[in-house]
Amino acid sequence: MTDKKHMIIDGQIVNFDEEQNILAVIRKAGIDLPTFCYYSELSIYGACRMCVVEDEWGGIIASCSTPPRDKMKIKTNTPQLFRYRKMILELLLASHCRDCTTCPKNGKCRLQELALRFGIDSVRFENTKKQERIDDSALSIIRDPSKCILCGDCVRMCSEIQNVGAIDFAHRGSNMTVSTAFNKPLSETNCVNCGQCASVCPTGAIVIRNCTQKFWDAIYDDSKRVVVQFAPAVRVALGDEFGLEPGTNVAGKIVGALRKMGVDEVYDTTMGADLTVMEESKEFVKKYKAGAKLPLFTSCCPAWVKYAEHAHPELVEQISTCKSPMQIFSAVIKEHFKQVQEVDGKETVVFAIMPCTAKKDEQVRPEFVYGDGSRDTDGVITTQEFASILKQAGIVFEDIDPEAADMPFGITSGAGVIFGVTGGVAEAVIRRVVDDKSNNMLHNIAYTGVRGMEGIKEASIPYGSGRVKIAVVNGLANAEKLIEQIEIGEAEYDFVEVMACPGGCIAGAGQPFTRREGKEERAKGLYDADKLSQVKRSEENPVMMALYGGILKNKIHELLHVNYYKGEENVK
């Protein structure tokens with residue numbers, strides 16, 4: 001018998017140490033106990049009761065909310081538990097929309113998966129649930145209350161991790177529902193379009209708006225030149241949809257697949273990230289030297305920009321005026337093809353494959369819609385949408401030969417690649433502003449404190465005769481904590497990177513869902529790509545010189561910058 005603390009699970013001795021609940025110990029034993037409402041990143045709710053187990057006296061306990069005890073004996077699979085779980089599933093299905101074949105979550109629905117696992121081929125109970133109105137008012141998210149199973153995952157994600165609270169429980173008993181305040185359309189709430197609620201929803205109650213048809217329409221239109229850019233984080237997540245190892249870099253396959261579908265030009269948004277580094281670092285240095293009001297907050301994340309507008313309008317003037325890498329690059333692409341368009345008459349349309357759902361909202365913000373109705377970016381499709389497009393096209397992704405992105409924007413830097421992970425923007429800016437450009441300094445920057453999955457990180461780097469204080473935040477609740485520390489004088493920073501999604505873009509709501517281990521593998525994939533990049537700093541990218549001496553000449557502010565601060569006239 002082991003001297004360590006242990007439990008006896010189905011007759012098997014399982015040691016435990018830091019596990020907070022029985023469920024974690026059970027999973028450690030290699031047993032897949034079904035759950036709906038449990039996520040280790042969220043508070044314990046204990047509503048679904050699917051994770052119940054039997055103790056040695058035959059009592060039923062919820063494993064998610066019960067701490068482990070030394071020498072505790074439990075069973076996870078008994079006739080009583082099987083009947084109990086099956087009954088729960090039947091009751092859930094009894095008040096659930098059953099149009100599974102046309103549901104956006106078909107094939108990825110946890111309720112569907114468990115119904116199959118427990119052999120439910122009929123439901124004995126009548127569906128008496130009132131048909132609710134589908135809320136499709138938001139540009140990024142669609143809510144269908146008739147598919148909600150009241151697990152509370154979306155509510156806790158929105159309030160605990162994102163500090164937004166756009167949705168919550170309403171009413172009591174059989175009338176309980178998840179709703180916005182006063183049942184307003186989501187577009188009229190303080191929702192920031194981060195989509196993290198959809199990423200944890202186990203059914204089709206909250207899904208990401210699908211824009212794949214718009215993409216196909218453009219492909220089939222001979223009068224359009226279709227240009228696609230894809231974000232750094234997409235390359236290390238798309239492979240999850242096709243059974244590849246987590247974090248596998250499939251950038252080359254993305255290019256090859258898009259060309260096979262008939263896309264005219266394919267570019268890497270890393271080029272836009274390089275331009276962002278150039279402009280954001282220049283803006284920061286100017287403010288820092290002038291003694292302007294700091295910190296300067298990054299502007300890459302549209303959900304963060306929206307959050308600041310709602311919760312801290314006083315900080316909006318401190319957000320960088322740089323457009324996001326997607327918007328910067330789309331503007332540059334369209335400027336590049338202007339002369340070609342005059343010759344061949346084809347309209348240039350730019351689609352962006354993004355890990356982020358908030359990008360769907362960003363691309364139609366008033367700041368990016370011009371007098372003639374044109375936009376920088378014409379359409380945004382998420383990583384998961386792109387996976388469905390590949391399947392619709394019948395492309396065997398695993399068999400696609402990798403190809404390089406098109407010129408003249410085919411050369412990018414490692415600094416741009418790491419934009420997809422929390423801390424990546426700050427690290428790229430540090431590489432740009434430090435005086436020491438040696439390989440040794442490049443290596444040391446990685447250990448300044450900007451890397452890692454922690455919610456709030458700090459770094460300090462030498463600059464001139466002083467030091468620049470940097471903070472890196474992921475998850476909007478962490479951003480709120482940091483802002484509060486700054487406002488009450490407990491913390492002081494010069495530069496702050498904010499990403500709304502926990503872990504950064506690698507864990508955006510448009511990505512295939514993954515937990516912490518998967519996020520770490522995706523981060524490693526981006527850092528590995530940086531290591532293999534011949535160009536490590538944005539300013540060393542040879543395309544930069546050509547751009548600044550060419551199409552950006554006298555148009556830098558027009559194409560690369562925007563003003564979110566409503567106290568002044570928006571820059572167009």
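Strand β10 (residues 224-230) pairs with β11 in the parallel sense over four bridges; strands are DSSP runs of E with at least two residues, helices are runs of H or I with at least four, and both are numbered from the N terminus. Pairing requires that DSSP finds at least two bridges between the strands. This is a predicted model, in which local features need pLDDT of at least 70 and side-chain atom pairs count only at pLDDT 80 or more, while totals for chains, interfaces and linings use all residues. Residues are numbered from 1 along each chain as its sequence is written, and side-chain values use heavy atoms, leaving out hydrogens and water.

Within this pairing, F230 stands opposite D268 in β11. Strand β11 (residues 265-268) is covered on both faces: E265 and Y267 are buried on one side, as are V266 and D268 on the other. Buried denotes under 20% relative accessible area, exposed over 50%, and partly exposed in between (1.4 Å probe, protein chains only).

Patch residues have over 30% relative accessible area and no salt bridge, with like charges joined within 9 Å and nonpolar side chains (Val, Leu, Ile, Met, Phe, Trp, Tyr) within 5 Å. A salt bridge is a side-chain nitrogen of Lys or Arg within 4 Å of a carboxyl oxygen of Asp or Glu. E484 lies in helix α17 (residues 476-487) and is partly exposed, at 46%. E314 belongs to the loop between α9 (302-311) and α10 (325-336).

M87, L91 and F125 make a nonpolar patch of about 240 Å², with areas from the Shrake-Rupley method and a 1.4 Å probe.
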